[in-house]
Amino acid sequence: MSRPDPKTKLDFSRRQALKIFGIAGGGLIASVHLGGCSARAAPLRVGKSEGMTDNAFIQITPKNEIHFYLPRAEMGQGVYMGLTSLIAEELEVSPNEIIVHHAPVHEAYAKPSSSLQYTGGSTSLSAHFVHLRQVAANVRESIRQAAAKTLDVSASKLRMENGNVLSGPHVYAYGMFANAAAELPFREETPLKPESEFKVIGQTQARMDGWDKVTGNAQFSLDVDFPGLYRASLRRAPVTGGKVKSFSDAETLKAQGVHKVVEIFNGVAVVATHHWQAKQAAELLKIEWELPELATISSPELRATMEEALTSEDDLNAHSQGDTNAAFKMSEAIIESKYWAPYLAHATMEPMNCTARIENGQCDIWVGSQMPDGALGMAAHHSGLPRDKVKLHPTFLGGGFGRRLSSDFVAEATAIAAKSGVAIQLIWSREEDMQNDRFRPASLVKLKAGLDDQGNINSWTATRVGANVAAHFADDNLETIAPEFLPWGLSDWASKRSYWLFENLIVNPASVHGLFGDYDIPNQDIRHVTVDPGLPIGYWRSVGHSFSAFFAESFMDELAHEANRDPLEFRLAHNNHDPRMQGVLKLLAQKAGWGEAPEGRFQGIAAHNSFETAVAQIVELSVTDGDAIKVHKVTCAVDCGVAVTPDIVRQQMESGIIYGMTAALYGEITLDKGEVEQSNFHDYEMLRMDKAPEIEVHIVPSKSDPTGVGEPGLPPIAPALGNAIFTATGLRIRELPLSNHIEFV
């Protein structure tokens with residue numbers, strides 16, 4: 001997911017906005033309705049002659065209400081506050097004066113430079129930094145021009161401040177000019193405010209969505225409820241991809257509260273009055289399954305297959321420069337290591353769920369989705385209705401981390417609603433969530449580097465073995481976003497061709513990104529071998545960087561040790577091409593006191609570029625109780641361009657460190673004959689509060705446009721931990737999770 005061109009021209013207009021909101025020819029209804037949601041998110045009703053709607057994002061009413069239609073999903077990463085801050089800055093209002101709505105599914109809300117409406121890749125703020133400010137600046141200027149015309153004064157004599165137009169001693173609310181502004185020509189190129197005049201961007205402010213979330217008023221899809229809504233529980237095959245051969249529901253139908261039992265494409269669902277009734281009754285089903293080939297594969301055999309693939313001649317070239325063979329011959333020392341990272345689950349706090357209602361030729365779904373385009377397409381297919389008869393009601397997301405880019409749970413909910421004939425809410429249990437995830441792929445890497453007589457790296461090779469996320473993502477989503485005139489069978493067939501494509505012809509960038517590029521090494525050769533047992537995989541927070549950083553940054557520490565050089569100095573000496581990385585490393589070293597750890601404590605360092613953001617971290621730990629590890633502190637430095645909301649940048653770094661530490665210390669999904677062995681937090685442990693370290697985050701001041709923060713805080717933590725353990729114990733751990741090799745207290 002490359003960063004879009006900030007100069008991409010906005011392709012929406014007032015006419016489009018009116019169409020989205022259903023306002024035409026005197027119609028007055030704006031169709032943004034979150035079923036069961038708070039009053040703040042109630043349907044917006046304005047008329048063509050009663051308000052200003054210059055674009056799909058902002059609306060100002062005569063009552064002086066300012067509405068903003070949030071084009072990206074809020075899943076805890078802070079776009080609710082961050083994107084609203086951009087609007088507020090150019091509108092000259094406080095963010096708290098803006099009423100925020102989740103935008104409906106519409107092409108106007110596709111990510112700039114993309115035809116898709118999705119939230120991922122840590123691009124929300126960078127993609128909209130210019131666009132949304134431009135939208136707001138145009139609205140501000142329209143209000144100014146309307147005020148000038150209404151007041152019969154020169155526009156140059158008017159000032160805009162705190163949502164008011166100031167004319168001499170007189171103060172007028174924006175809303176007074178909303179109707180007049182709506183009659184003015186659509187504006188496109190109003191100059192943006194210079195950075196020196198920023199009042200909101202760069203300031204620390206309380207999160208707008210914080211209060212509703214901590215008081216339980218924020219509406220997630222799990223909160224949806226209305227009269228006539230049933231709950232559903234689905235029995236799926238013990239191995240993903242399995243099909244029902246036969247089943248008996250005799251005992252299930254006798255259970256209290258059960259309304260119906262229906263078979264869908266991947267299992268048998270029980271529809272009941274309450275969720276617990278449905279879940280308990282589903283356990284009474286007797287089902288015979290037809291299992292896929294994955295049922296013959298267990299983790300030890302898969303690991304052995306991946307080890308064999310390291311020497312495969314069917315590898316694909318991902319990146320080459322210079323002549324590594326010649327450089328190795330000139331090297332004073334050659335170091336070679338293998339690293340391993342296992343499958344991981346997302347474990348979002350809110351398990352997968354979706355509410356679906358099909359009646360009177362209309363399908364409504366309520367869901368928190370990172371890919372509403374795909375969710376809507378999936379609902380259209382399983383309801384048997386055209387896309388324009390499906391309405392998606394977006395909500396907050398109780399954690400995404402990439403999991404909610406897939407819409408498998410939407411497909412299930414819609415299929416159950418269609419088969420049962422009633423509105424249902426499908427809720428996955430934690431066990432179902434853990435065992436039917438779109439997992440982060442397991443990865444095995446062989447790294448090899450040569451050092452010259454000065455102790456500098458002159459050659460670097462890497463071979464990664466594992467599955468390709470892009471192939472699975474295409475299979476999950478291509479048919480749901482393909483043009484509607486294409487038959488589902490044809491688009492489904494096309495979506496499955498991507499497996500062959502990535503195995504034989506092209507390298508999926510997410511499989512190898514982060515294995516090269518951070519350092520100045522003249523000779524490099526990066527290769528990839530696909531080994532895919534068929535376990536569903538997907539985008540997991542920071543994607544390939546989550547394992548590549550552990551491999552590359554642990555190996556950098558090995559090389560520094562071999563060269564008898566300080567790990568910080570060794571990194572600085574090898575990334576002169578990257579001033580942002582140099583900046584975070586130097587700031588980090590200063591703030592953490594690199595090389596000056598308190599007595600009994602040991603430090604490890606790692607740095608990594610991902611999503612155009614540079615992050616470096618130092619872990620400080622001690623050895624206690626003989627050979628157990630206690631992690632005391634993590635210091636982090638980040639350069640993400642201008643920090644629009646500095647507190648959210650810090651929160652995202654903290655979140656990435658905690659999420660990454662959880663994975664590094666404990667995260668591991670294993671298979672026994674295709675079945676996921678882990679089931680809940682007792683055997684897929686989270687980092688607990690008593691083991692969480694003190695975290696200190698420092699932001700490098702910058703005037704560059706903002707880059708991602710949702711994911712870049714995660715990749716450096718695993719190698720920083722491993723490198724600190726090596727400093728403390730001399731033990732070099734090349735496999736995750738670390739707790740398989742050493743105890744943490």
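## Exposure terms and basis of the model

A residue is called buried under 20% relative accessible area, exposed over 50%, and partly exposed in between, with a 1.4 Å probe and protein chains only. The structure is a predicted model, in which local features need pLDDT of at least 70 and side-chain atom pairs count only at pLDDT 80 or more, while totals for chains, interfaces and linings use all residues. Residues are numbered from 1 along each chain as its sequence is written, and side-chain values use heavy atoms, with hydrogens and water left out.

## Residue N456

N456 sits in the loop between strand 20 (443-451) and strand 21 (457-466). Helices (H or I, at least four residues) and strands (E, at least two) are DSSP runs, numbered from the N terminus.

Which residues does N456 touch, not counting those up to four places away in sequence? They are G450, L451, R565 and H574, where contact means heavy atoms within 4.5 Å. V79 is 377 residues from N456 along the chain, and the C-alpha atoms of the two are separated by 42 Å.

## Helix 2 against helix 4

Helix 2 (residues 79-91) packs with helix 4 (residues 131-151) at an angle of about 30°, and their axes are 8 Å apart. Axes are lines fitted to C-alpha atoms, for helices over the stretch in contact, and angles run from 0 to 180 degrees between N-to-C directions. The crossing of helix 2 past helix 4 is right-handed; a crossing has this hand if the near helix is turned clockwise from the far one by less than a right angle, and is left-handed if anticlockwise.

On the helix 2 side, the contact is made by L83, L86, I87, E90 and L91. Helix 4 contributes L132, R133, A136, A137, V139 and R140. These residues divide into eight nonpolar, three charged and no polar. Nonpolar covers Ala, Val, Leu, Ile, Met, Phe, Trp, Tyr, Cys and Pro; charged covers Asp, Glu, Lys and Arg; the others, Gly among them, count as polar.

Four strands in the order 23-24-25-28 form an open sheet with mixed pairing. Two strands pair if DSSP finds at least two bridges between them. Strand 23 (602-610) and strand 28 (694-699) are the edge strands, each pairing on one side only. From one strand to the next, the twist averages 20°.

Strand 25 (residues 628-639) and strand 28 are joined by six bridges in the parallel sense, and A637 stands opposite H698 in strand 28. Helix 19 (residues 646-665) packs on the sheet, where it touches strand 24 (613-624), strand 25 and strand 28. The direction of helix 19 makes about 135° with that of strand 28.

## Backbone exceptions

Most residues other than glycine have a negative phi, and most peptide bonds are trans. N64 has a positive phi of about 70° although it is not a glycine. N64 lies in the loop between strand 3 (58-60) and strand 4 (66-70) and is partly exposed, with a relative accessible area of 33%.

K673, also not a glycine, has a positive phi of about 50°. The loop holding K673 runs between strand 26 (671-672) and strand 27 (675-676), and K673 is exposed at 56% relative accessible area. A cis peptide bond, with omega about 0°, joins L736 and P737. P737 is placed in the segment after helix 20 (717-729).
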